[in-house]
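Biologist: I would like to learn how to read a few features of this model. Please give the general idea and then the case at hand.

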Amino acid sequence: MGSSLDLDRTHLKKTAGPPLPSVRMLAARFLLRWENFYKNRPPLNELAEETLKHHEPLDPRDRALFYELIFGTVRNLILLDWIIDSRVNNGCILSPLTRSHLRIGAYQILFLDKIPDFAVVNEAVEAIKATKDNRAAGLVNAVLRRLTKARNGGDMTVYNAGGLDPIKRLSLETSHPMWMLNRWIRRYGLDKTKIRCLWNNQRAPLTLRVNRRRARRGEVISLMSKAGLEARPGRYCPDALVVHGFSGAPTTLPGWNDGLFLVQDEAAQLVTLLLDPTPNERILDLCAGAGGKTIHIADIISDVGLIHAFDPNKKRLARLVEVRDRLELKSIEIVQTKQGLLKNYDRILIDAPCSGFGVIRRRPDIKWNRTEALIQILSRTQLELLKEASERVRPGGRLVYAVCTTEPDETTGVIEAFLKTRPDFRLITCRNCLPDRAKMLADKAGFLEIKPKEDGPDLFFAAVLEAPC
């Protein structure tokens, strides 16, 4: 990534001299950079935030458009490329930058209805002209105009792909890789897989968790209402709020600076509720990440007790520290190495690294960052984490294992493998640990398994285990 990344950074620096790029130009260059990582590609949202740090602050509308363009394009990557390639003359090879601008332009023409077509075409053409490649500028102009004409003429029967077999057609229409579809079709069948793919391509709602130490849910709803925002109670969790129709940065919401809430999906909130922590306990969050669940634990125990937060990713731990300090929480202690962990924790949360297939609607890049082989590697890691945690929980203590995926290799398969080695642990049904409104989310075996539902939470799996006394 070296040279292209450095080039981008140089360009994006506020003090570099050249005019700042437009939002669409910035998005096209960002996507080119994202693609160039290929292996070990960072999450799209993290890379976007890192990129914007090298740019002067975008106003809220430009920031929202930037995120719409990059997330929307990545979400529909296969479809956009198919449409572009079908409108390029045979034998014409597109440079990566030209393709990136065409993807951004095609996404706007096909999926956004508030941007005039002429503005989309002109901006893409001018961006290519700025690179002194007049031939490519002519090509971009021709392709986007053909696309506009086809859409306006109703010729978007993907979109003229009727001859494809059903799985390839589903891959094209919903932009999911074939290996992923084949895996799901073997388990769910074609119709249910299609439902899941369409759900993955929806925009996820903005869900908040009210900080009960500083506010009540009704107070935050009232605050949002005064700002002209529609916020409603969540479906399952007592402190959840869903903000409708908001696409800006959560940091601009009223009450953010006062720490009245944090961004957290209801599925993640339910996992913490399964842990059922109480004040004065010793609790370990073994895969704390950026600390969303760690902070929730501290909130539930009224910041009285000891929470050890560990994660090998130091960048994410740094974000946890930032939030912890902003909310003035005293119970959370960062543990930098495993040597600093204790024995006999009362409760341990293992929010294990996973394929993340349950959060594709929030992170569409997962479709392109995962392989089938990786799932097996992850399942072995997950089992080792569970075994390690079992050695650190006190007799009679509780383990909660959670992943944001529903792949059996990473969910029930891990629990079954663990119980074969530790049959002295007891599986507790999640139904007994969930709020009344969420009890329906527990399956017959006692696991929490959230399935796709309109405006529902992310797809999570969780199991509750009790150590022998």
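**Reading the model**

Modeller: D303 is buried, with a relative accessible area of 13%; buried means under 20% relative accessible area, exposed over 50%, and partly exposed in between (1.4 Å probe, protein chains only). This is a predicted model, where local features need pLDDT of at least 70, side-chain atom pairs count only at pLDDT 80 or more, and totals for chains, interfaces and linings use all residues. Residues are numbered from 1 along each chain as its sequence is written, and side-chain values use heavy atoms, with hydrogens and water left out.

Biologist: Where is D303 found?

Modeller: D303 is in the loop between α14 and β7; helices (H or I, at least four residues) and strands (E, at least two) are DSSP runs, numbered from the N terminus. D303 is not a glycine, yet has a positive phi of about 65°. S302 lies in the loop between α14 and β7 (306-309) and has a positive phi of about 55°, although not a glycine. S302 is partly exposed, with a relative accessible area of 48%.

Biologist: How do I read strand pairing?

Modeller: Strands of a sheet pair through backbone hydrogen bonds, either parallel or antiparallel. Two strands count as paired if DSSP finds at least two bridges between them. Strand β6 (residues 282-285) runs parallel to β9, joined by 3 bridges, and I283 has R347 in β9 as its bridge partner. β9 also pairs with strand β10 (residues 393-403) in the parallel sense, over 6 bridges; here I350 is partnered by Y401 in β10.

Biologist: Is strand β9 (residues 345-351) mostly covered or uncovered?

Modeller: Mostly covered: 7 of its 7 residues are buried.

Biologist: Which strands form the open sheet, and in what order?

Modeller: The order is β3-β4-β2-β5, with antiparallel pairing. β3 (230-233) and β5 (261-263) are the edge strands, each pairing on one side only. The twist averages 35° from one strand to the next; axes are lines fitted to C-alpha atoms, for helices over the stretch in contact, and angles run from 0 to 180 degrees between N-to-C directions. β3 pairs with strand β4 (residues 240-244) over 4 antiparallel bridges, and A231 stands opposite V243 in β4.

Biologist: At what angle do helix α9 and helix α11 pack?

Modeller: Helix α9 (residues 166-174) and helix α11 (residues 190-200) pack at about 10°, with their axes 10 Å apart. They are therefore roughly parallel to each other; angles under 35 degrees count as roughly parallel, over 145 as roughly antiparallel, 65 to 115 as roughly perpendicular and the rest as oblique.
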